[in-house]
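Below is a briefing on one protein chain, arranged by topic for use beside the sequence and the model.

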Amino acid sequence: MKSRKKLYTLSLLLCFCGTLLSQNTADSLFQLLQNADNDTARMVLKRQLGSWYGASDPPKALVYYKEALALARKTAKKVSEAKILNALGGLSYYNGNYKAALEYAIAGEKLMEELKDKDGLANSYNGISLIYSKNNQYKEALRYLKKALVLRVELNDTASIGQSYNNLGGYFEDTENYDSSLYYYNLSLKYLKLSGDKLGEGRLLNNIGLINAKRGNYLLAEKHYRLSLA
């Protein structure tokens, strides 16, 4: 798997699953959970424990996420419910259960639509696209990437627009349509420069170098690799 694809996959899984926690934080969460006196607090803590166990013990993470989901539904916390569904989608994807991943992600998408949360919905669209790509359903994958881009443009979020263009560039790279890939990577580079995202800019320059190398434009490839390194 190419480095670009790894970065793309990681970014989407983080959107699904949330942040990782230190062991000290996890120990604190257990203590807080034992003393929690209401369902909302227990829901939040179980969701965080699901995030903690996501990489080290997926079955245990699944238990915590499902318990958190039940509590979110019991307390009518729909925003939390949507985020937990996305986390379950990411966990299922990470463990190769793409059918379950898609079911959870689509359920999360429907809730985000109900809540009119455009940012959360765009993240859901990107995650669903990743699952479709993994199942070689490229037409559906592209459709969801475009839907995410439309929302990012509506939100006028320069950095997120740049990320959406990068995702489209990656899609066309994976399907070996290098002209379209280069077009979207260059658009992404423009927006990431505007947003001041130096790390993203470096990654995009590397992506552009890779496409030029695949097309046999080795001087251009080297130029972009050196710019990326700088």
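Lysine 147 is partly exposed in this predicted model, with a relative accessible area of 26%. That value falls between the 20% under which a residue counts as buried and the 50% over which it counts as exposed. The residue belongs to helix α8, which covers residues 138–155.

**Surroundings of lysine 147**

- Setting aside residues up to four places away in sequence, lysine 147 touches Glu109 and Tyr125.
- Between the C-alpha atoms of lysine 147 and alanine 122 there are 7.4 Å in space, although the two are 25 residues apart in sequence.

**The chain as a whole**

- The chain has 12 helices and zero strands.
- Its pattern along the sequence is accordingly written α-α-α-α-α-α-α-α-α-α-α-α.
- The chain has 230 residues, of which 46% count as buried.
- Among contacts in the chain with a separation of 6 or more, 52% come from residues 24 or more positions apart.

- Helix α9 runs over residues 158–174, 17 residues in total.
- From first C-alpha to last, α9 reaches 25 Å, close to the 24 Å expected at 1.5 Å a residue.
- Most of α9 is covered, with 13 of its 17 residues buried.
- Serine 164 is located in α9 and counts as buried, because its relative accessibility of 2% is under the 20% cut-off.

**Helix α10 and serine 188**

- Helix α10 spans residues 178–195 and contains serine 188.
- Serine 188 is buried, at 0% relative accessibility.
- Not counting residues up to four places away in sequence, serine 188 touches Gly162, Tyr165, Asn166 and Leu204.

**Packing of α5 and α6**

- Helix α5 (residues 78–94) packs with helix α6 (residues 98–115) at an angle of about 160 degrees, and their axes are 8 Å apart.
- The two helices are therefore roughly antiparallel, a label that applies to angles over 145 degrees.
- The crossing of α5 and α6 is left-handed.
- On the α5 side, the contact is made by Lys78, Val79, Glu81, Ala82, Lys83, Leu85, Asn86, Leu88, Gly89, Ser92 and Tyr93.
- On the α6 side, the contact is made by Tyr98, Ala100, Ala101, Tyr104, Ala105, Ala107, Gly108, Leu111, Met112, Glu114 and Leu115.
- Sorted by class, the residues in this contact of α5 with α6 are 14 nonpolar, four polar and four charged.

- Lysine 116 is not a glycine, yet its phi is positive, about 60 degrees.
- Lysine 116 lies in the loop between α6 and α7, the latter covering residues 118–134.
- With a relative accessible area of 70%, lysine 116 is exposed.
- Glutamate 176 follows α9 and also has a positive phi, near 60 degrees, in a residue other than glycine.
- Glutamate 176 is placed in the loop between α9 and α10.
- Glutamate 176 counts as exposed because its relative accessibility of 60% is over the 50% cut-off.

Conventions. Residues are numbered from 1 along each chain as its sequence is written. This is a predicted model: local features need pLDDT of at least 70, side-chain atom pairs count only at pLDDT 80 or more; totals for chains, interfaces and linings use all residues. Side-chain values use heavy atoms; hydrogens and water are left out. Helices (H or I, at least four residues) and strands (E, at least two) are DSSP runs, numbered from the N terminus. The expected span of a helix is 1.5 Å times one less than its number of residues. Buried means under 20% relative accessible area, exposed over 50%, partly exposed in between (1.4 Å probe, protein chains only). Axes are lines fitted to C-alpha atoms, for helices over the stretch in contact, and angles run from 0 to 180 degrees between N-to-C directions. Angles under 35 degrees count as roughly parallel, over 145 as roughly antiparallel, 65 to 115 as roughly perpendicular and the rest as oblique. A crossing is left-handed if the near helix is turned anticlockwise from the far one by less than a right angle, and right-handed if clockwise. Contact means heavy atoms within 4.5 Å. Ala, Val, Leu, Ile, Met, Phe, Trp, Tyr, Cys and Pro count as nonpolar, Asp, Glu, Lys and Arg as charged, and the others, Gly among them, as polar.
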